[in-house]
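Hello,

Here is the structure I promised to pass on. Have a look at it first, and then read on for what turned up.

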Amino acid sequence: MIRTASTGRRSERRWRPSAPFDLALTLSPHRHGGGDPAWRRTPDGAVWRTSRTPEGPGTLRVTAGRGEVLGEAWGPGADWLLETLPSLLGADDDVAGFAAMLARLTRSGDPRQARAAAFVAGLADRAAGLRIGRSLRVFEALAPAVLEQKVVGREAWRAWRFLVRRYGEPAPGPAPEGMYVIAPPEVWRAIPSWGWHRAGAEAVRAKTIVNAARHAEKLERTTEASAEASAEADRLLRALPGIGVWTSAEVRQRAHGDPDAPSVGDFHLPGIVGYALTGRKTDDDGMLELLEPFRGHRHRVVRLIELSGVRPPARGPRMAPRDYRAF
């Protein structure tokens, strides 16, 4: 059931998902650090998110309860945010197909596949509200993904906060204090070198984002909900200098809702996946081999493993964040 209404500058939409889902769990991949200016969860359980839509900047507030979702939006992009709300929350996600895959693997007769499938099925039961949604905004997923290349999270999130606040604009409507909307691609193309330096992003990542911003319009046209659209996005993204398989996957997971885009090239992920499925750490090739039976849902399986908290024993100190502003 869908009902929409407009009240002054505020628009709203009520949507009833076909199955129970977890709001924060589904939207958390779009959050980049605890101080993300474009994402906030308030004590009342609402998730706030800003976006630069095709219609302009907008603020979205989402709450869920009693089997119904309420979306409230403000700004020029409000109607677009409400129109695409079900896709953001995973209405297009093939959860039933994933469950059927796990059942088939459990009955496959291959003991290793059956054990892995049973383990993953248990994780899926524990995170039954997880959905792989799609934001339909490629550049908004791409910029923070590039900032997160080959650095620790705190370093990347600090740069993201600075750049969004410095070059973006305050969120429309009654958004929580400190929320901003990401700047449009043409503004990112014009950020001076000293702006990147103050953010703590070195020249390589800055150049990658600036170049991607030049092709943003073409990239945004790839957001259909299909494997073919995600494959085309992968081709276009990886044709850009500085964007490889890891960055492409991170973008497609969020913008396209691709459940089969594992983040190959992540420093920690192969060890986590290998330990969870076999009790031993592995490398990227080993991770892909373990995930192959789950093709079509490999990213979903990785996400479930990450949420499980299963981790190999720590062997050394964590990598310390760098601060390019001091260079």
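To begin with a definition, helices (H or I, at least four residues) and strands (E, at least two) are DSSP runs, numbered from the N terminus. Residues are numbered from 1 along each chain as its sequence is written. Please keep in mind that this is a predicted model, where local features need pLDDT of at least 70, side-chain atom pairs count only at pLDDT 80 or more, and totals for chains, interfaces and linings use all residues, while side-chain values use heavy atoms, with hydrogens and water left out.

**Two loop residues**

K150 sits in the loop between helix 6 and helix 7 (153–167). Its phi is positive, about 55°, although K150 is not a glycine. K150 counts as exposed because its relative accessibility is 80% (exposed means over 50% relative accessible area, buried under 20%, and partly exposed in between, with a 1.4 Å probe and protein chains only).

L136 also has a positive phi, about 65°, and is not a glycine. You will find L136 in the loop between helix 5 (111–126) and helix 6 (138–147). Is L136 buried or exposed? With 12% relative accessibility, L136 is buried.

**Helix 6 against helix 10**

Helix 6 packs with helix 10 (residues 203–214) at an angle of about 165°, and their axes are 9 Å apart. Here axes are lines fitted to C-alpha atoms, for helices over the stretch in contact, and angles run from 0 to 180 degrees between N-to-C directions.

**Salt bridges**

A salt bridge here is a side-chain nitrogen of Lys or Arg within 4 Å of a carboxyl oxygen of Asp or Glu. By this rule the count comes to 22 salt bridges.

R205 pairs with E155 in one of them, with the closest N and O atoms 3.4 Å apart. That pair links distant parts of the chain, as R205 is in helix 10 and E155 in helix 7, 50 residues apart. Both R205 and E155 are buried.

R61 and E72 form another salt bridge, at 2.6 Å between the closest N and O atoms. R61 belongs to strand 5 (residues 56–65) and E72 to strand 6 (residues 68–74), eleven residues apart. R61 and E72 are buried too. A network of salt bridges links R10, E12, R14, R16, D44, R61, E68 and E72.

By contrast, E217 and R221, whose side chains meet in a salt bridge at 3.8 Å from N to O, are both exposed.

**A glycine in strand 6**

G71 lies in strand 6 and is buried, with a relative accessible area of 0%. Its C-alpha is 5.1 Å from that of R13, although G71 and R13 are 58 residues apart in sequence. Leaving out residues up to four places away in sequence, G71 touches S11, E12, R13, L60, R61, L82 and L85.

Best wishes

How values were computed. Contact means heavy atoms within 4.5 Å.
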